[in-house]
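Keep the 3D view open while you read.

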Amino acid sequence: MSTQPSGRDSPARMLRLAVFVVCLASALGFNTLVLVDTLATRETHSIFLKSLQERGHEVSVKAADDPSLQLSRYGEYIYQNLVILAPGVEEFGGALSVETIVEFVDGGGNVLVAGSRDAADLIRELVTEVGVEMDEEGAAVIDHLHYDANDDGQHTLIAAPSSGLIESEVMVGPRDAVPLLYRGTGLITDADNPLVLPVLRAPSTAYCYNPTQSISDYPHATGQNMLLVAALQARNNARVVVSGSLEFFSDAFIMASVQTPQGAFYERSGNGKVVEALSQWVFKEEGVLRVVSVQHHLQGEKEPPVAYTIKQDVEYKIKVERLVDGVWKPFMSNDLQVEFVRIDPFIRLIMTPNKDGVFSVTFKVPDVYGVYQFKVEYNRVGFTRLFSTTQVSVRPFTHVEYERFIECAYPYYASAFSMMVGVFLFSMVFLHHKESPHKTKAE
Amino acid sequence: MSRAALVILALLGVSSALSPSTYLTPGDKERLKLVLDPAWSLSDLAQVLYASAGYKHLGQEIPNAEGVCNFVKSSAGDGATVETLFLASSAGKALGCPIAASVSSIQAVSEAIREGASSQELFHAVSAATNLGVELDTAKVLRATQMALKKDDSVLSLGYAFHVGAQLKGEVGSIFERIEDAIVQADEVDGRMLQFEGGLSITALVLSGAYKLAETSNKTPPIKPDQAVKFANYLMSRKSVQLSKGVYYLLEAVSMFTNNKFHVPVAITLASNVAVSAEAPQVQVTADSATRVADEVVIISKEPLTPLSTADGVYELDVMSRGPDRGFYRLVVSVDASDSRLVGHSAAQLTFKVLTAIDIQGVEIGTADSDQVRYPNTLSAVLVADQHQRVMLRFVVRDTASGRPTEVHQAFVKITHIDSKREIIFVAETDSNDIYKFDIDVSNSMKEFGGVSGVYSIELIIGDASISNPTLWHIADLSLTFPGSIAPSSPQDFTYKVRPEIKHVFRSPDPRPSSVMSTTFTLLCILPLLLLVLIWVKLGVNISNFPITVTAVVFHIGLAGILALFCLFWVQLDMFSTLRYLLMVGIVTFFCGNSMLSNIAAKRKE
């Protein structure tokens with residue numbers, strides 16, 4: 001290349017640069033598989049799909065029963081994200097099944113699933129695997145006090161107040177007073193399962209039942225115990241979002257105006273912003289943390305010692321970064337804690353951050369020796385689980401490190417030293433004493 | 001022209017399979033216009049074409065028409081490709097600023113019409129030629145089109161071919177015959193829509209091509225009326241399209257549907273809100289029969305509708321004068337039209353509902369004895385109940401129109417713990433007299449309440465799709481006491497929270513004796529040495545026999561050194577270095593001591 005004249009070289013270099021940029025973009029981008037019932041969904045949900053593409057996703061839209069579907073090839077996942085906008089699918093095509101999707105989640109893949117009133121058993125089975133239960137077929141979320149004016153009469157087009165959204169800006173964006181449009185089935189989750197997050201709760205007055213049948217049994221989901229959108233962040237940080245409404249993500253709902261029975265009118269529903277924020281969250285573009293470096297050493301030093309001795313002053317530093325618009329930026333927070341653990345935590349302290357994202361704390365090593373860990377575990381709603389442990393050993397004082405002279409032991413020291421002085425003096429006197437002459441005379 | 005046409009499409013309306021269910025409302029048009037607007041930055045010729053044609057269909061003024069026209073003209077200069085020529089000339093046509101045909105562009109266009117070109121290329125060339133006013137050789141174009149279709153007979157290719165055919169003069173029957181081939185490939189969605197795989201643009205392209213071709217060849221297209229309705233349904237379902245290209249095709253096809261010689265789908269919709277209530281008693285609609293969905297009671301049959309003088313295409317029927325019960329009604333509407341082009345106008349089904357207000361009466365709430373509460377007041381006293389009691393609530397929901405007790409879909413009692421905001425919802429049930437009853441046995445419902453004592457608020461939710469005043473009414477507050485429950489003793493959950501700080505408590509050092517004690521005993525310990533020295537002084541001890549020899553001096557220095565070494569060992573040396581030093585000092589001391597002692601012994605013997 002370098003032997004060529006520079007004039008001819010520059011287009012080639014431009015080309016290489018372009019190729020490099022394209023490679024870089026595809027390396028940073030995510031591969032996202034979107035499964036649909038009919039390809040018309042590509043058009044009815046174009047805003048959602050377009051926003052994915054604009055954020056750098058390689059989106060491939062396929063029919064859910066396409067026989068060529070596969071998530072992994074040669075043991076590696078081809079896609080990082082899976083979107084299932086196919087509530088009606090009776091059986092997945094190709095290599096896809098509920099089991100492979102669960103494996104995909106176990107392997108760290110992110111999934112977004114939308115259901116509907118008439119969602120097929122397959123979708124119900126899939127969401128049950130992530131701790132969410134859809135109400136039975138035909139049941140719809142009904143709220144006679146919070147419906148939109150465009151409702152078809154059964155009050156199933158819910159204008160859910162934004163107060164039902166989870167309090168997490170990372171997941172649903174900044175809080176906004178605009179209601180969200182929703183038409184579909186209700187979701188039931190186990191309140192004791194801490195991994196399932198209630199993204200959007202139904203209003204207190206809502207319930208889920210077949211609107212054309214009168215209520216004979218207690219509805220499965222009522223009031224705020226019913227979720228409209230639920231999320232799961234698994235222990236491996238894989239994220240799953242389940243919505244009981246396919247239309248929640250549709251262009252029609254995103255572009256629609258909202259008019260509540262109470263007379264409030266909103267130019268645009270809140271769906272657009274929430275869908276955007278939620279899809280950023282579920283595909284790990286938001287709320288992702290990582291530990292960059294961990295340092296620990298004695299106060300005033302730079303390097304860690306082989307082992308710490310009890311009661312020493314130690315300084316611990318951890319650098320944490322957060323993914324913001326695809327770039328790692330320093331993370332700021334006032335509640336990051338470090339634990340000094342030997343089976344149980346002996347010390348747990350909140351660390352002080354600086355503007356470079358370095359959190360630091362100084363403490364005195366406990367007076368119990370053993371093998372310890374510096375442990376940072378940061379688990380907050382919307383963020384990936386941050387976990388870091390560093391093992392160090394703590395030993396007792398060596399014999400030279402104890403107090404050399406204790407006041408109350410002075411009698412012992414005094415006796416020992418006086419004995420030594422005595423021996424020296426006595427040996428002198430014993431060996432070299434000269435009897436006085438008069439005594440000799442007396443003998 | 002197009003604007004008026006679009007409104008005619010909005011004639012009347014529906015939600016059945018056989019009639020288009022909606023039309024382009026002014027709001028829709030405004031939104032479509034917004035999608036087109038970015039084109040006026042004049043950066044992309046295709047966008048400008050979509051926008052100018054779209055504006056024309058919407059009947060909108062084009063902003064800065066002269067500037068747009070100049071942009072279009074400049075892009076169709078010498079050396080422009082056939083596709084650019086097509087875009088520019090079509091945009092020019094839509095804008096009303098015809099592009100002059102230059103020699104080179106005429107040549108480019110005629111060269112493009114050759115055998116082997118794809119039908120899209122042919123479409124571009126033929127359209128450009130028509131727009132530029134170039135004469136076409138029909139036979140040659142037909143031949144080329146047939147070749148293209150032989151090579152690629154996909155729906156898209158056929159769609160382009162129809163458009164080519166529509167622009168030709170003379171006999172185009174060979175292309176017209178292919179319309180049927182395309183139409184059979186349409187997919188049905190939900191039994192009420194027809195579309196071609198590939199979505200809006202292909203569907204719209206094929207439809208407009210087919211109808212235009214049919215018009216040119218003056219034959220009815222092989223599309224059945226119900227198919228036309230289904231295609232129209234599909235087009236209407238796509239009115240939220242977000243791409244300017246999609247908007248262009250949508251408007252093109254819709255205006256074609258409103259303005260052709262064969263099929264004009266009629267949308268029959270409720271002009272007023274879907275719900276009818278006493279405040280707005282007139283359903284502005286056409287009617288055949290009206291049936292209550294719940295019990296199939298027919299309240300209207302064969303009733304003519306009166307056309308409304310204030311608005312075209314709106315007809316009305318007074319339903320409320322017949323005193324219908326609340327509920328959903330199915331209205332079957334037919335339109336007798338002399339215009340045989342209209343499709344989708346017979347037996348259209350509409351749903352409307354009759355709303356009534358309800359009143360909650362006879363409300364009694366209490367434990368042992370009941371208190372009366374009137375809607376919408378809240379009981380002033382707080383009810384108190386413990387595990388031996390039951391809390392009871394009775395009420396009647398009365399239809400204010402008929403005055404009879406009625407059942408509603410949602411009659412829930414919501415009990416909320418005031419401090420934790422935890423809510424428990426119960427369903428109230430009716431007895432045979434339509435009186436709603438609800439009672440909880442406090443001791444049996446500990447599980448629902450989680451055994452948490454405290455003040456709860458009791459709210460009644462009454463809702464139904466066919467009542468006009470759904471209600472959330474705070475009836476009373478209830479203080480519940482469960483046995484043995486102090487506070488919720490659930491284990492503290494810190495899953496997503498800050499954990500409490502832990503500080504290590506260091507072991508405090510053992511207490512030590514006072515320094516007075518140790519000083520006293522230290523002195524006592526030194527005392528014997530002092531006494532020894534004192535007594536020796538008194539006795540007149542001396543070391544006058546000290547032999548002035550090297551060995552004696554070295555021995556005593558050595559001995560002192562060993563003792564000093566012990567002190568050093570105490571203070572800083574470790575055992576091994578002490579032993580090393582001791583060995584060195586010891587050997588010297590040993591030999592010196594030996595020689596000194598033998599000297600002393602020898603001296604004594606003398």
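Which residue in β20(B) is the bridge partner of B:V391? The partner of B:V391 is B:I440.

Before going on, note that this is a predicted model, in which local features need pLDDT of at least 70, side-chain atom pairs count only at pLDDT 80 or more, and totals for chains, interfaces and linings use all residues. Residues are numbered from 1 along each chain as its sequence is written, chains are lettered from A and ligands numbered from 1 in the order in which they are written, and side-chain values use heavy atoms, leaving out hydrogens and water.

**A sheet in chain B**

- β16 (residues 390-399) and β20 (residues 435-441) of chain B pair up antiparallel over seven bridges. (Strands are DSSP runs of E with at least two residues, helices are runs of H or I with at least four, and both are numbered from the N terminus; two strands pair if DSSP finds at least two bridges between them.)
- Both strands sit in an open sheet of five strands in chain B, ordered β14-β13-β16-β20-β19 with antiparallel pairing.
- At the edges are β14 (370-373) and β19 (429-430) of chain B; each has a single partner strand, so one side of each has no neighbour in the sheet.

**Two helices in chain B**

- The axes of α9 (residues 155-166) and α12 (residues 200-217) of chain B come within 8 Å and cross at roughly 30 degrees. (Axes are lines fitted to C-alpha atoms, for helices over the stretch in contact, with angles running from 0 to 180 degrees between N-to-C directions.)
- Residues that meet here include B:L156 and B:F162 from α9(B), and B:L205 and B:L213 from α12(B). (Contact means heavy atoms within 4.5 Å.)

**Positive phi in chain A**

- Most residues other than glycine have a negative phi.
- A:N237 isn't a glycine, yet has a positive phi of about 70 degrees. You'll find A:N237 in the loop between β14 (227-233) and β15 (239-243) of chain A.
- A:D325 also isn't a glycine, and its phi is positive, near 50 degrees. A:D325 is in the loop between β20 (313-324) and β21 (327-330) of chain A.
- Are these two residues buried or exposed? A:N237 is buried, at 16% relative accessible area, while A:D325 is exposed, at 71%. (Buried means under 20% relative accessible area, exposed over 50%, and partly exposed in between, with a 1.4 Å probe and protein chains only.)
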